[in-house]
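Take a look at the model below. We will go through its domains and then its ligand site.

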Amino acid sequence: MTRLSVIGTGYLGATHAACMASLGHDVVAFDLDSEKIAKFSSGNLPFFEPGLSDLLKAGIKSGKLRFTNELADAISNSEVHFICVGTPQVSESGAADLSQIHSAVKAMAPLLSEGSTVVGKSTVPVGTASWANQYFSEHAAQNIKLIWNPEFLREGFAVKDTLHPDRIVLGVSNTSDSSVVEDIYSSTIQIGTPVIVTDYATAELVKVAANAFLATKISFINAFADLCDVVGADVTTLADAIGHDTRIGRRFLNAGIGFGGGCLPKDIRALQARANELGMKDQFEFLNQIDHINTGRRSYLVQQVAIELGDVKSKNVAILGVAFKPDSDDIRDSPAISIAKRLIEQGANITVHDPEALQILSKIHPEIKSSDKVEDALANADLVLHLTEWQQYREIEPTKLSKLVKTRTIIDGRNILDRDTWNSAGWKIIYLGRPSS
Ligand code: UGA
């Protein structure tokens, strides 16, 4: 078992730290944010992620996991150091803001002992690992081994994706080899997880290529959703049919209000910005269109609301789901929030419900009215919008809601509610890219 430090306790770092402790490693996780560290130390997660809270508590109880806000404490007590800091978007250019990576590398360098290993997990523009490697060779002790090991976890499945990833990618240089990291992940590798050992640039690109491809699939099917609406076709049947072709696959072909969150939108913009810097503007111009189609989904939903309500001013609109996806309380770049804000600007009375995201919502968007009961959110609604496909909403019995609303109309922005169930309870259901009824 190895003594590990994890630098940065956002989504990625916190999950990685708790999962590594569950594998038996001794983990110390560092963050500058002392409030967050206090929270983690007392066994509380500052965000919602299924299964993670139990791992956190178990790790702390077993003594395998602890948190600190002193970098020297984390580094000096560990042999291998995972960089898990954020790389948010620079608002104007769309490029990745690397300030946290730069600060982490610079702060770690003087603290690293000779021969220790640093593993980069953050999503970074190609070229970042080479820079970090060069920096360590000039400013740290001798023989620091840097490995770039991108993370592919999905929110909502973070624990499963960390412990049982589809693949492990390890970017190495001619002075580092992957054996230290392969030992850390040995239990995962033993169950047959493919390991791809490559150079830094390829490892960095694998991550952004994967997210760009997923984003492309979603915008591809959403472009067809628009076309289906024009010609009266059904995009869900279309996705099912093309998805049977194993070369295409059915996953990530769910049409609706599009993708949000802290990864896909910013990663395609950062990739495009980096490609432009490298003279690849033409080749990566398509990402602009992917982004454009995606943000257009939000406007399209707002247009559908206007078609249903006419003037939306003073109309009551209930929104089911504000997290960017189910099983997460993350509202970063959430399509539902963007839609709610536009409707509020147009004078609608919005009330939102979400099983997990309301606490964060009230902190970040106190102007958006919410209710923790579906029934209260729907009271007197002129229109209901289903915007995040929580299991709870799939299981709604519409007959129970019929008397609460003014008008029995729901727009299903995720295309998954059962038409017959809603129709037979007297509701009109409107989909995006599927005939409504
Ligand atoms: C994404 C990737 O899926 C992960 O592999 C990656 O590790 C992660 O970003 C990251 O870079 O850290 P995540 O942002 O958690 O994971 O969420 P996804 O499951 O990819 O969903 C992203 C968005 O696409 C959500 O808003 C979801 O509702 C939407 N989506 C997804 C669709 O609109 N249609 C689909 O068919 C699938």
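How many Å apart do the C-alpha centres of domain 1 and domain 3 lie? The answer is 37 Å. Keep in mind that this is a predicted model.

Start with the layout of the chain. Domain 1 runs over residues 3–198. Domain 2 covers 208–290, and domain 3 spans 296–430.

Now turn to the contact between domain 1 and domain 3. Eight residues of domain 1 take part, along with nine residues of domain 3. The size of an interface is often given as the accessible area lost when the parts come together. Here domain 1 and domain 3 bury about 640 Å² between them. Carbon and sulfur atoms carry 49% of that area. On the domain 1 side, three residues lose the most area to domain 3: Phe48, Glu155 and Gly156. Together they make up 74% of what that side buries.

Glu155 leads on to the ligand. It is among the closest residues there, with Phe152, Leu153, Asn211 and Phe324. In total, 21 residues surround the ligand. By class, ten of the shell residues are nonpolar, seven are charged and four are polar.

Which helix gives the largest share of the shell? It is α10, with four residues. This helix spans 200–231. α12, at 264–277, also supplies at least two shell residues.

Next come the polar atoms. A polar side-chain atom of Asn211 sits 2.8 Å from a ligand oxygen atom. Phe152 uses its backbone instead: a polar atom there is 2.9 Å from an oxygen atom of the ligand. For Arg414, a side-chain N or O atom lies 3.2 Å from a ligand oxygen atom. How much of the ligand does the protein bury? Taken alone, the ligand exposes 710 Å², and the protein buries 91% of that.

How values were computed: Residues are numbered from 1 along each chain as its sequence is written. This is a predicted model: local features need pLDDT of at least 70, side-chain atom pairs count only at pLDDT 80 or more; totals for chains, interfaces and linings use all residues. Side-chain values use heavy atoms; hydrogens and water are left out. A residue is near a molecule or strand if one of its heavy atoms lies within 4 Å of it. A polar contact is a pair of N or O atoms within 3.5 Å; within protein, one must be able to donate a hydrogen and the other to accept it, and residues adjacent in sequence count only if both atoms are side-chain atoms. Accessible areas come from the Shrake-Rupley method with a 1.4 Å probe; for residues, only the protein chains shown count as cover. Ala, Val, Leu, Ile, Met, Phe, Trp, Tyr, Cys and Pro count as nonpolar, Asp, Glu, Lys and Arg as charged, and the others, Gly among them, as polar. Domain bounds come from an automatic or database domain assignment. Contact means heavy atoms within 4.5 Å. Buried area is the accessible area (1.4 Å probe) that two parts lose on being put together, summed over both.
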